[in-house]
Amino acid sequence: MSKSSLRAVRVSEHVWWVGAVDWAIRDFHGYATSRGTTYNAYLVLADKVTLIDTVKAQFRDEMMARISSVVEPGKIDYIVSNHSEMDHSGALPETIAELRPEKVFASKMGVKALRAHFGLEGIEAVGTGDKLGLGNLTISFLETKMLHWPDSMASWLAEERVLFSQDGFGMHLASNRLFADELDPAVLREEAAKYYANILLPYSSLVTKLLATVAELKLDIARLCPDHGPVWRTGFDILGWYRDWAEGRTVSKAVVAYATMWGSTARMAQSVADGLAAAGVEARVMPLGPAHRSDVMTELLDADALLVGSPTINNQLFPTMADFLCYARGLKPRNLVGQVFGSYGWSGEACKMMGTELEAMDVELVGEPVRTVYVPDEETLGRCRELGSEVGRRVKERA
Ligand code: FEO
C-alpha cells in the first residue's frame, strides 16, 4: 500500500474516486479555467476490479497513489475508457503497460482514437446495450457520441445506480471536496454553465436525446460521476440545468461584446447598453481582452441578443473581435437577435465583416449597423442608444 497522503474517496459501496486535482490549469484548449479542474477516474472494487477512465498523463502518479490507498494496483482486471480525449486517456498507455490488465474496453470509435493517439492495440470494442460482468456487479454501456467526442460513452453500474458520464454533466472546478452538496451552489451553476457553453453547446440536441434516454431507461441515479468536477449524490440540479440549456431557455439578457483601440467603440458600446436598459433588457457589457472569449460564451448561453462592436484596423477586424467571432461561430449559439457597431478612421470594413459573421450564426439582425468616423458625437451615441432600445424591444416581443 502507498505511503502517500493521497487517498481515494468513497463514492458508493464498491466505487472509489481515484482521480487528480489540477489546481494550476488556466487554459483548457482555449477555455479559461479560472478555478482549475479535476480529472476524475473511478475504481470499482468488484470481483473483477475495474478502473473507469484514467487522468491526464502528468497526473498518473496521483491517480496511482489514490488507487494504492484502497487496492494493490496490480489487482486491476479491467480498464474502461469512456472517452479517449487525452485529459482522460493520457495516463492510459503507461497504466496498461505497468498493470497489464486482463482487458481494456472502449467504444468502437474509442478503439480507433486510442490506436491513433497512442498506438494502443487489443482494446475491446463495446457499444450501447453491451454488458460487462464484473462477478458480483455489472456495467452496461451507453454511447454518447459527440458528448464530447465521437467516441464518448457512459457506463452504468446498475447494482449501485452509479452513472459514469465522462464529460457530460462535468465542470472545470478544482476542489478537495468531491461531492456537489459540499460546494457553493452558485459556483456550481456558474462553472457548469461555462462548461456547457464552451464544450457542449453545439451538441444541445444530443443532450436533449441523452436526457430522454436516461428517463426512458428509468435510470434512478444515486451517484452521477462525471470526468470533471464534483460527483452528485443528492439534488441533481445539474440535470435540470442541462434541460434548460439544451432547450435554449433565456433570461431577457443581451451581451454587448466589443473591442476598442482608443475608446470610441467602447463609448458606443456603453450607449447601446443604455438603450437596452431603457427597453428593460439587462445588458452584459464585455470588453474583449479583459473579458475572455469563454466568459462571453457563458453569458451568451442564456442571452437573447448579441451586439458586437469593433474598430477597423488595417482593413480588418480588431484581433480580439476576430478571435471571439471565430470561437463563437463554432459553438453555434442559437436564437439570438443582434446588430453591429464600431468606429473607424478611413476604410471601416469591420461592421460589414461582423455582420457577415452574425448572419453565419443565424442571428436575426435588428435595425441598422451604427458606424462612425474616429469619435462618436452626440448624434451617433443617440443612434447607438436607439439601436440598443430597438434590439431590447425585439427581445421583449419574442419573450
Ligand atoms: Fe474532458 Fe472531452 O475531455
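This is a selection-by-selection tour of a predicted model.

**Helix 1**

Start by selecting residues 60-68, which form helix 1. Eight of the nine residues in this helix are buried, so the helix is largely enclosed by the rest of the structure. The buried set consists of Arg 60, Glu 62, Met 63, Met 64, Ala 65, Arg 66, Ile 67 and Ser 68.

**Glu 102**

Which residues does Glu 102 contact, leaving aside neighbours within four places in sequence? Select Lys 48, Asp 77 and Tyr 78 to display them. Lys 48 lies 54 residues from Glu 102 along the chain, and the two C-alpha atoms are 9.7 Å apart. The side chains of Glu 102 and Lys 48 are joined by a polar contact of 2.7 Å. Glu 102 has a relative accessibility of 48% and therefore counts as partly exposed.

**Thr 144**

Move to the loop between strand 13 (138-143) and strand 14 (153-157), where Thr 144 is found. Is Thr 144 buried or exposed? Its relative accessibility is 6%, so Thr 144 counts as buried. Show the residues in contact with Thr 144, setting aside neighbours within four places in sequence: Trp 149, Ser 152, Met 153, Ala 154, Gln 166 and Leu 210.

**Salt bridges**

Next, turn to the charged side chains. Side chains of opposite charge can pair when their charged atoms come close. How many salt bridges does the structure hold? The count is 24.

Select Arg 233 and Asp 181, whose salt bridge has its closest N and O atoms 2.9 Å apart. Arg 233 is in the loop between strand 16 (223-226) and helix 7 (237-247), while Asp 181 is in the loop between strand 15 (162-166) and helix 5 (185-200), so this pair ties together parts that are 52 residues apart in sequence. Arg 233 is partly exposed, with a relative accessible area of 32%, and Asp 181 is also partly exposed, at 39%.

Then select Lys 253, Glu 282, Arg 284, Glu 299 and Asp 302, which a network of salt bridges links. Within that selection, look at Glu 282 and Arg 284, which form a salt bridge with 2.6 Å between the closest N and O atoms. Glu 282 has a relative accessible area of 37% and is partly exposed; Arg 284, at 28% relative accessibility, counts as partly exposed too.

The last pair to select here is Arg 329 and Glu 357, a salt bridge with its closest N and O atoms 3.3 Å apart. Arg 329 belongs to helix 10 (residues 319-331) and Glu 357 to helix 11 (residues 350-360), so the pair ties together parts that are 28 residues apart in sequence. For Arg 329 the relative accessibility is 40%, which makes it partly exposed, whereas Glu 357 is buried, with a relative accessible area of 18%.

**Cysteines**

Now colour the cysteine sulfurs. A disulfide is a covalent bond between the sulfur atoms of two cysteines. The disulfide count for this model is zero. Cys 384 is buried, at 0% relative accessibility. Select Cys 225 as well: Cys 225 is buried, also at 0% relative accessibility.

Finish at strand 24 (370-373). Thr 372 is found in this strand, and at 9% relative accessibility Thr 372 counts as buried. Leaving aside neighbours within four places in sequence, Thr 372 contacts Met 268, Gly 342, Ser 343, Tyr 344 and Thr 380.

From there, step to Val 375, in the loop between strand 24 and helix 12 (378-398). Val 375 is exposed, with a relative accessible area of 52%. To see the nonpolar surface patch of which Val 375 is part, show the surface of Trp 346, Val 373, Tyr 374 and Val 375. The patch covers about 500 Å².

Notes. Residues are numbered from 1 along each chain as its sequence is written. This is a predicted model: local features need pLDDT of at least 70, side-chain atom pairs count only at pLDDT 80 or more; totals for chains, interfaces and linings use all residues. Side-chain values use heavy atoms; hydrogens and water are left out. Buried means under 20% relative accessible area, exposed over 50%, partly exposed in between (1.4 Å probe, protein chains only). Contact means heavy atoms within 4.5 Å. A polar contact is a pair of N or O atoms within 3.5 Å; within protein, one must be able to donate a hydrogen and the other to accept it, and residues adjacent in sequence count only if both atoms are side-chain atoms. A disulfide is a pair of cysteine sulfur atoms within 2.5 Å. Patches are made of residues with over 30% relative accessible area and no salt bridge: like charges are joined within 9 Å, nonpolar side chains (Val, Leu, Ile, Met, Phe, Trp, Tyr) within 5 Å. Accessible areas come from the Shrake-Rupley method with a 1.4 Å probe; for residues, only the protein chains shown count as cover. A salt bridge is a side-chain nitrogen of Lys or Arg within 4 Å of a carboxyl oxygen of Asp or Glu. Helices (H or I, at least four residues) and strands (E, at least two) are DSSP runs, numbered from the N terminus.
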